[in-house]
Amino acid sequence: MTSDPRALFTLDLGSATSAVAVLGRINRRWRLVVAEAAPAGSDPDDILASLVARLVEVDAGLAAELGLGPSSFAATPRLVARTTESPRLAILATSERERAAVERLAGTAGWRANGLSLEASEPVALARLALERDVAAVILAAGESPALDPKPAVAALATLGAALSGRDPTRPLVLAGLLRTETGRFATDADGAPPPYGPAATAGDPPGAGLRRLLDAIHPGSGDGRHALVRATTDLATVLDRRVELVEIGLTGGLRVLAAPDGLEASPAFVEVAALAPPGEPDDGLVDGVLAWSSIPLDRHRMRDRLRELRLTPWGEAHGAGAVVRHAAARAALERLVAATPDISGLPAPDLIVVAGGAWAVAPGPAIALALADVVRRPGASQLAWDHARLLGPIGMIDDQVERRALLAELAEDLLVPLGTVVTPAGLRAGKSAGRLVIHGESGSSEIDLVPGGLQLVDLPPGQLGIAEFRFRDQVNLGSRARHARIEVGGGLGGLLVDLRDVPLRLPDRLDRRRALLGAWQAALWPGLDV
Amino acid sequence: MSEIEPMSVWAVPSRPLVIPAPTTWFELGPGDRILVGAGEPVTAGLSLAERRRDPRLEVGPPTLADPGDAAAGLSPGDWWAGDGHESGAVLRRRRPRTAPGEVLMAEAGRWQVVSGEHTELLEAPAAGIVREVVPGRGIGISLAGYGVPGAFAAGGPTRGRLELVTGEAGLRGSLDVGRAGAILVVGGRLDSETISRARAMGVRGIVVPGLAGKDLRDLVASEARQRASLQALAPFAVLVLDGTFRRPIATPLLVLFERLDGREVGIVSDPPLLVVDPPLDRPGVAPDWVRIRHGELAGREGRWRGSVGRRRFPAGVQLEAGTVELDDGGIVIVPIPDLERFS
């Protein structure tokens with residue numbers, strides 16, 4: 001990006017989906033010209049070539065202006081973001097307490113974490129785990145209190161860990177907590193330094209912050225697409241001067257990040273369990289989680305088989321019942337992402353929530369808005385948008401922050417598809433009516449009654465702005481407590497969603513009633529849903 | 001005949017019919033004794049390693065051994081042959097015998113070795129060359145022959161003569177001791193009961209197009225129970241070609257299996273493959289041949305007739321689609337990701 005190109009290709013190559021786009025410099029601004037997402041495995045060059053051919057066919061003048069054609073294809077600069085499966089971390093701990101704490105921490109730091117402790121397992125089992133072929137790094141973990149982690153246990157783990165690290169010196173090893181007192185047992189590196197060590201996963205403010213930095217430092221994927229999304233989201237918040245939250249669900253993991261104009265508000269969470277279809281045999285918890293969001297009746301066995309198929313062929317049967325199952329799996333993954341990130345959920349509602357990732361590649365925009373409203377629930381009002389062309393990842397790959405921000409600023413109108421605005425008041429009292437809402441739009445005003453427990457939709461097309469004037473009977477929580485509120489709302493594919501359901505969402509326990517309710521909400525926001 | 005490339009922005013997903021000279025990995029754990037070295041050629045049936053079914057930590061020789069002692073120079077990952085009669089070394093009566101095993105770590109002046117009483121042999125399922133040997137982790141082998149890839153596999157590795165059995169009823173009706181030592185290729189989907197019966201009859205493996213998750217879980221649980229009971233186990237594996245749903249075996253694969261009928265083959269699980277030594281008479285596949293993998297027509301085959309661009313499918317989903325002429329002459333429009341072809 002140091003030269004002055006007139007066209008630019010972006011490629012976001014995920015585990016299941018390859019998304020490519022053509023950007024063009026039109027009237028001295030970068031604009032999105034054309035974009036396409038296809039199943040991974042297709043040659044990205046073939047997809048790009050087809051897109052360029054389409055552009056030449058549809059608007060030869062524009063293609064010529066941008067210098068796009070078969071001869072210039074190879075010379076056009078590219079921004080490429082790749083996302084792959086998270087690396088695996090073996091956790092060997094003195095106690096079950098420490099194992100669980102490190103697993104929680106690593107689970108939001110972009111690792112597939114598996115742990116064992118000397119308290120519950122034999123040393124041979126710990127050794128087997130640490131020696132497995134796909135383990136990218138090993139952490140030896142103890143607490144900070146000699147009362148909870150006595151010296152013999154720490155020494156035994158250090159002895160085992162030192163022997164194992166000597167067998168594979170290239171595999172990164174991290175010591176946590178009281179293990180730092182045992183560094184003398186370990187071989188030093190070429191500079192004479194012992195293995196990196198840090199505080200326990202339960203130490204620090206917030207707990208685990210010090211160990212998280214160490215885990216980030218040894219993470220082999222810091223240049224991947226998810227890390228690029230974090231950079232792009234941070235810059236987007238600065239460019240828009242708004243608090244922006246990004247939630248991404250992909251085949252192999254999820255990401256949640258919340259940024260304010262002056263930087264990140266919490267550590268970004270790379271959550272492997274928030275994968276659309278996690279690897280291995282789906283356990284009962286995973287299957288039940290998806291069933292809970294499914295609007296079609298399936299028993300556990302069939303749902304388990306569907307999830308296995310989704311993992312094997314993520315784009316298979318992406319229509320009909322398969323689309324509904326895929327959307328239920330995406331909502332369940334989003335739920336796991338939110339559950340794994342309570343520190344971000346505890347922050348005030350952001351101005352803008354951006355949804356990203358291949359899980360939404362074929363879903364209709366309004367249904368994506370509903371999924372966000374169902375799962376990412378905080379009192380307040382947020383605009384919803386979708387990184388439909390998957391530009392954020394590739395843009396996040398630009399090293400120079402100034403260039404990144406300049407490109408984001410120029411592309412701001414094309415970058416995100418507006419899904420609408422969701423207003424979620426909490427603390428409503430049950431009853432026939434909670435108050436009135438008047439929408440002042442460009443074409444006049446309309447008024448609706450606010451019914452507690454319901455999801456009310458107001459048609460507000462993309463590009464339109466309005467003022468939503470709420471008059472509640474009692475004080476409600478809209479980020480702050482109030483009876484009257486005037487909120488500027490933006491339109492989108494889903495319009496304005498006035499979400500008067502409980503926060504957090506409470507659904508019937510009986511699956512048939514639950515399905516009926518989910519189906520009714522979905523039908524209102526999913527055009528063409530006939531399964 | 002329509003060309004299959006280029007067809008649209010999206011390409012029909014392709015999978016290889018056979019993979020020449022695949023590399024397979026055999027996972028081992030601490031205490032397993034490796035019997036081959038890197039670079040060594042192996043033949044089908046050759047012992048690769050002894051797996052410990054009850055690995056446990058035992059006290060080994062002193063870490064500071066006398067020069068010339070068998071224990072001198074040991075380090076973690078090495079194999080300690082033991083100092084009993086089985087080692088071939090001079091029996092020392094000054095200290096108690098120590099069991100053979102893999103050296104894991106040093107503690108209180110003694111090596112700790114991973115040992116165990118019950119072992120099982122890990123045999124090469126096909127000929128090849130050992131590429132990687134890592135004590136406690138596994139063995140990598142480049143096979144000399146070919147691999148037929150599947151979606152997933154359970155158990156293994158195993159080997160036996162390939163026998164084609166058509167349909168679930170066909171397998172139930174024909175299960176007898178005469179099938180002992182065979183790897184059966186079964187059309188349709190199986191249940192865990194039939195798989196257990198086959199195993200009890202001495203069948204060494206089953207190749208099936210689809211296996212439901214429930215049956216896979218039953219199979220894995222049964223395997224775990226038998227291992228825990230330390231019974232002698234004959235090698236057994238199930239290779240699933242497509243996934244969890246019921247589909248017939250794709251015709252090109254069926255033709256390949258017909259050509260392999262009666263030949264010695266093997267099943268490995270990492271990656272999931274049916275492996276066979278050379279030579280292999282690979283059947284040809286017409287360039288416009290496609291198979292519908294998902295949806296109501298899953299399992300049907302036909303000829304690619306061309307891309308039709310983006311189409312709207314049930315649930316309002318828009319996908320790139322193509323026209324397929326089915327084997328019965330019918331014409332259908334199918335989303336491209338629901339198709340597959342062999343490369």
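Start in chain B, where strand 16 (158–165) and strand 17 (182–186) run parallel and are joined by five bridges. One spot to look for is Glu163(B), which stands opposite Leu184(B) in strand 17 of chain B. Keep in mind as you look around that this is a predicted model.

Strand 16 of chain B also pairs with strand 20 of chain B, and here the two run antiparallel, with four bridges between them. In general, strands of a sheet pair through backbone hydrogen bonds, and the pairing can be parallel or antiparallel.

Now stay with strand 20 of chain B for a moment. This strand is mostly covered, with five of its six residues buried. Strand 20 of chain B also pairs with strand 21 of chain B, in the antiparallel sense and over five bridges. A hairpin of two residues links strand 20 to strand 21 in chain B, and Val268(B) finds its bridge partner in Leu273(B) of strand 21.

Over to another pair: strand 18 (residues 205–210) and strand 19 (residues 237–243) of chain B run parallel, with five bridges. Here Val208(B) is partnered by Val240(B) in strand 19 of chain B.

So how do these pieces fit together? They belong to an open sheet of nine strands in chain B, with the order 2-14-21-20-16-17-18-19-15 and mixed pairing. At the edges stand strand 2 (19–20) and strand 15 (152–155) of chain B; each has a single partner strand, so one side of each is left without a neighbour in the sheet. Helix 4 (residues 251–260) of chain B packs on this sheet, touching strands 14, 16, 17, 19, 20 and 21 of chain B. The direction of helix 4 makes about 115° with that of strand 16 of chain B.

A few loops of chain B are worth a stop too. Ala21(B) counts as partly exposed, because it has 13 C-beta neighbours inside 10 Å. Further along, the loop between strand 21 and strand 22 of chain B holds Pro279(B), and the peptide bond from Pro278(B) to Pro279(B) is cis, with omega near 0°. Pro287(B) lies in the loop between strand 21 and strand 22 (289–292) of chain B as well. With 13 C-beta neighbours inside 10 Å, Pro287(B) is partly exposed. From Pro287(B) to Glu301(B) is 14 residues in sequence and 13 Å in space, C-alpha to C-alpha.

Time to meet chain A. Chain A has 15 helices and 22 strands, and its C-alpha trace spans about 75 × 65 × 45 Å along its principal axes. Is its fold compact or extended? For 531 residues, a compact globule would have a radius of gyration near 24 Å, and the 25 Å of chain A agrees with that. Of those 531 residues, 54% count as buried.

What sits inside? The largest nonpolar core has 199 residues, and those with the most contacts inside it include Ala141(A), Leu179(A) and Ala329(A). Helix 10 (residues 320–339) of chain A gives the largest share of this core, eleven residues. Beyond its neighbours within four places in sequence, Ala329(A) is in contact with Leu276(A), Ala277(A), Val290(A), Leu307(A) and Leu310(A). Another core lies apart from this one, with 62 residues, among them Ile139(B), Ile195(B), Ala250(B) and Leu253(B).

Asp241(A), in the loop between helix 7 (225–240) and strand 10 (244–249) of chain A, has a positive phi near 55°. With 11 other C-beta atoms within 10 Å, Asp241(A) is exposed. The peptide bond from Val503(A) to Pro504(A) is cis, with omega near -5°.

Finally, where do the chains meet? The contact takes 41 residues from chain B and 46 residues from chain A. On the side of chain B, strand 9 (101–107) gives the most, with four residues. The residues on that side of chain B divide into 23 nonpolar, eleven polar and seven charged.

Terms used:
Residues are numbered from 1 along each chain as its sequence is written. Chains are lettered from A and ligands numbered from 1 in the order in which they are written. This is a predicted model: local features need pLDDT of at least 70, side-chain atom pairs count only at pLDDT 80 or more; totals for chains, interfaces and linings use all residues. Two strands pair if DSSP finds at least two bridges between them. Two residues are in contact if their C-beta atoms, placed from the backbone, lie within 7 Å. Axes are lines fitted to C-alpha atoms, for helices over the stretch in contact, and angles run from 0 to 180 degrees between N-to-C directions. The radius of gyration is taken over C-alpha atoms; the globule rule is 2.2 Å times the number of residues to the power 0.38. A residue is buried if 20 or more other C-beta atoms lie within 10 Å of its own, exposed if 12 or fewer, and partly exposed in between; C-beta atoms are placed from the backbone. A nonpolar core is a set of buried Ala, Val, Leu, Ile, Met, Phe, Trp, Tyr and Cys residues joined through C-beta atoms within 7 Å. Ala, Val, Leu, Ile, Met, Phe, Trp, Tyr, Cys and Pro count as nonpolar, Asp, Glu, Lys and Arg as charged, and the others, Gly among them, as polar.
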